[in-house]
Amino acid sequence: MGKNPKVIHVEDIVVKFAGDSGDGMQLTGSQFSDTSAFIGNDLSTFPDYPAEIRAPQGTIAGVSGFQVHIGEKEITTPGDQADVLVAMNPAALKANMKWIKNGATIIIDIDHFDNKHYKKAGYVEDPLHDGSMEGYNVVKAPITMLTRDTAKPFGLDQKTADRTRNQFVAGLLYWLFNRDIKLGEDFLSNKFKSKPDLVKANIAVLHAGYNYAETIEALSTTFMVDPVKNKKGLFRNITGNQATAWGLLAAAERADKSLFLGSYPITPATEILQEISSRKHLGAVAFQAEDEIAGISSAIGASFAGRLSATTTSGPGLALKGEAIGLAVITELPLVIVDVQRGGPSTGLPTKTEQSDLMQALYGRSGESPVVVLAASTPANCFDYAFEASKIALEHMTPVILLTDGYLANGSELWNIPSTDNLPKIKPPLVEDNDDTYQPYKRDPEKLNRFWAIPGQEGLRHRVGGLEKEDVTGNVSHDALNHQVMVNLRQQKVDKVVDFIPELQVIGDSEGELLVIGWGGTYGGLVSAVNDMRKEGYGISLAHFNYINPLPKNTAEVLSGFKKKIVCEINMGQFAFYLRSKFQKHEFQQFNKVQGLPFFISELKEKFREILDAK
Amino acid sequence: MSEKIIETGTLSRKDFKLDTPVKWCAGCGAHAVLASIQGTIPETGVRKEDVVFVSGIGCSSRFPYYIDTYGFHSLHGRATAIASGIKTANPNLSVWVITGDGDSMAIGGNHFIHIIRRNINVNIILFNNKIYGLTKGQYSPTTPKGSITKTSPEGTIENSFQPGELAMGAQGTFFARVVDTDPKMMKDVLLKAAQHKGTSVVEVLLNCVIFANEVHKEITGKEVRDDHQVYLKHGEPMIFGKNRDKGIRYNCNKMEVVTIGEDGITEDDILVHDATNPDDSTHYNLVRMGLPEFPVAMGVVRAAESTVFESLMHDQVTNAQKHSKIKTVNDLINSGNVFRIDQKS
């Protein structure tokens, strides 16, 4: 058998896997990503899963998705819309029709396209016969039936057999993307290492999918994505949460400290706690606290005791930690607070992304309570900014808030693995035992940090606390003028961090018509949109901020090079508000979206064109 | 992990005194506790530099400013959580928490039960004056029902907590009760608390001269104390009273007070205190005893063995370090699915 399909070489392609939350779509998605990475494609992924663990089967609420964007060109986002959709049931199809391109290939499990499932998905008409699929290449594959037939000889019960359906899909895609099926076999052998029977069954189903694809006429075209250009070296696929955890571990190592994480589980930050919990072999301790407050409080205690300490959370947890962050501010102890932002307020949209904690991070505490605020902008650079947050916290003796978000945390991309030997050493301001010049609030003249004398050290006994302290001596002081001095010092200490951070780099020309401004997790969409439009000849550039407080030194200078400026963020305009307060001469337009979704490149370009074409 | 014990023969109470003025009211019971603790620490054999006092907020929580050790005056209710971090980060430290009935029973109730549940080796000294002192006289979770305070002008309508019941309910391994007017008892008990492996809770019945003066008078008053307190000592019968003729015994699974020499009762009928019994049901009954039916139990009610959180944590760390092939972050980031991309040009 076999046929000779037409092979189309594409620069990039977006594949979306969608099914019930129990269908294994996340696994199939990561399997597809790993294979893509293995053959050298650049990639970006994003899982889209429901807040419920197992919502009612077959309903829209239960649809779990995983989008993968691969390419031979540099990939910066998971893609606006999919070229290939795998829909395991009608609900998955219905939920995703608006997220796929015209003419997309849609692979469905025809065994689940019946009246019962249409009803569950809320379809009134049969979508396969009402004309709504016109213009798409629909592949109606009997996935369930063929999987069951294939799995039968392996003696699996039907439920277990049905769980291997995702491998049928995987096999189909190996063929569709002209990939070596051996890679899939290796993935499965590794994944189910301890269950050889399951490996055999899964591999058989994988082959069944591959063979099915090769045989049917519907797939007359296959895709070929060449290895990425302009990238070379060792890579791995990494999510933002994993990168954040590893950045903290790397910082601890470079500071000759062991890591203490005090956290409480919260979506979408939990994976960081889980990751650190399994890194005891690197000396890390994860303290799963009884609540968010105890999470940060234990971290503050561990910091006092001389560890690199961190706490991880999301918006509602950051609110609970506010009081304790104030304590870390006044005691001037190093502490990293990671806020993986999600849709709010309150419980809001736990599994969806948002950038709406910026004001909370900057100002959400009692009193004059300045902290350093950083924001990661890609899944992989969560590593760099977790490292940087730790470095600043330790060297400047201050709490640092690192903002990531649900999109970065769960999304993944290729990460060019660094050598930790090339990371800078971190040098906290430690004190020698019995240093008789030590005073708790004596400061380093350059950074204005106090020094870190650690319990157990001889001759350095002292007391810290939440009450205002006298300058230098650290004795409790209610003196009016001393309070002013201390408030100023705490502010100046944070302001001085500006001398230790890089300047803002503009992507594109440093002068022009329109400066697009972004911060944090929107980078991928913004840079794609700006680069596309530059190719079209527009005078547009991007300034993307990772350092929020303090802002880079050259920010005013960058702003001055452009006639118009637009601040794009996944909130109602918090960064725009912040910039207006800092740079009052400048006008800032806004582009905001608060739908629990990242920006689409298409909507960004549309907005930028509207501004640039209006003359 | 074992505590570092070194020769400390030269340390005495005055080594732990600071020059800073102590700002508690004259006549406050806290002065006596400070003196007792300053006198006890030299006997624990721990290096001065290895001692850390952590407190929350409230009158009692000013304590770390008055003792010459490392100290952390923290947030209302959070001292136990901060202490958990300190002790887990460095198990070699001798960590003491100073807290009050508002700090530990109200705003810090959650952290209080969880440090006990984990059995982190920290000594919690709970100054129980049954009132909010620093905010000037509102009722606390331990204020007896019906008390008139600034926020209960018609009397409180809330049931009150017994700290000991909470400690037992949270699977506490050490609970003791002392009074601020008995320095010898305080020192004996504090030393035992310091030596216990696990979370020790010492409830100090403390007098607030301003807002709850003589709140414990019925227990601590010179005239009544012998009849109204039973000082529990491990291995000894629970005998009390001016004439040492009263005792506690079980009668059909119910505790009762009996008089030795009456109705054929002899000393042999009196319950012998077993503080180390893993079963805490008697300890639970003992902390619940109250006037007028019973004397109030003093001394170490419970001192049972159990696993200690930070020891197990560090055992896991050591074990993982010994067995994992991944020794550095470089090893970690290069483990698993790593791909080499080579440009074919």
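1. Start where the two chains share strands. In this predicted model, strand β9 (residues 233-239) of chain A is joined to β12(B) by three bridges. The two strands run antiparallel. One pairing to look up is A:G233, whose bridge partner in β12(B) is B:I341.

2. The axes of α2(B) and α4(B) cross at roughly 35° and come within 8 Å. From α2(B), the residues are B:T80, B:A81 and B:S84. They meet B:H111, B:F112 and B:I115 in α4(B). This contact divides into three nonpolar, three polar and no charged residues.

3. Now chain B as a whole. It has 11 helices and 12 strands. Its C-alpha trace spans about 100 × 50 × 45 Å along the principal axes. Of its 345 residues, 47% are buried. Among contacts in chain B with a separation of 6 or more, 67% link residues 24 or more positions apart.

4. The nonpolar core deserves a look. The largest one has 268 residues. The members that touch the most other members are A:L249, A:L402, A:V516, B:I86 and B:V202. Helix α14 (residues 381-396) of chain A gives the most to this core, with nine residues. In general, nonpolar side chains tend to be buried together in soluble globular proteins.

5. Take B:V202 as a worked case. Which residues is B:V202 in contact with, leaving aside its neighbours within four places in sequence? They are B:I124, B:I125, B:L126, B:A176, B:V178, B:V189, B:L190 and B:A193.

6. Chain A is assigned three domains: domain 1 (6-224), domain 2 (237-422) and domain 3 (506-613). The centres of domain 1 and domain 2 of chain A, taken over C-alpha atoms, are 34 Å apart. Their contact takes 13 residues from domain 1 of chain A and nine residues from domain 2 of chain A. On the domain 1 side, α1 (25-38) and β3 (42-48) of chain A are the elements that give two or more residues. Strand β3(A) gives the most, with six residues. By class, that side has eight nonpolar, three polar and two charged residues.

7. Chain A also holds an open sheet of seven strands with mixed pairing. The order is β11-β10-β12-β13-β15-β14-β21 (chain A). Why is one side of β11 and of β21 of chain A left without a neighbour in the sheet? Strands β11 (285-288) and β21 (547-549) of chain A stand at the edges, each with a single partner strand, so one side of each has no neighbour there. From one strand to the next, the twist averages 20°.

8. Check two cis peptide bonds in chain A. One joins A:T267 and A:P268, with omega about 0°. A:P268 sits in the loop between β10 (259-263) and α10 (270-277) of chain A. Another joins A:G344 and A:P345, with omega about 5°. A:P345 is in the loop between β13 and α13 (358-363) of chain A.

9. Check two positive phi values as well. A:M397, in the loop between α14 and β15 of chain A, has phi near 55° and is not a glycine. A:L448, in the loop between β16 (412-416) and β17 (463-465) of chain A, has phi of about 70°, again in a residue that is not a glycine. Are these buried or exposed? A:M397 is buried, because 25 other C-beta atoms lie within 10 Å. A:L448 is buried too, with 21.

Definitions and conventions:
Residues numbered from 1 in each chain as written. Chains lettered and ligands numbered in written order. Predicted model: local features only at pLDDT ≥ 70, side-chain atom pairs only at ≥ 80, totals over all residues. Helix = DSSP H or I, 4+ residues; strand = E, 2+ residues; numbered from the N terminus. Buried ≥ 20, exposed ≤ 12 C-beta atoms within 10 Å, placed from the backbone. Contact = placed C-beta atoms within 7 Å. Pairing = 2+ DSSP bridges. Axes fitted to C-alpha atoms, helices over the stretch in contact; angles between N-to-C directions. Domains from an automatic or database assignment. Nonpolar A, V, L, I, M, F, W, Y, C, P; charged D, E, K, R; others polar. Core = buried A, V, L, I, M, F, W, Y, C linked by C-beta atoms within 7 Å.
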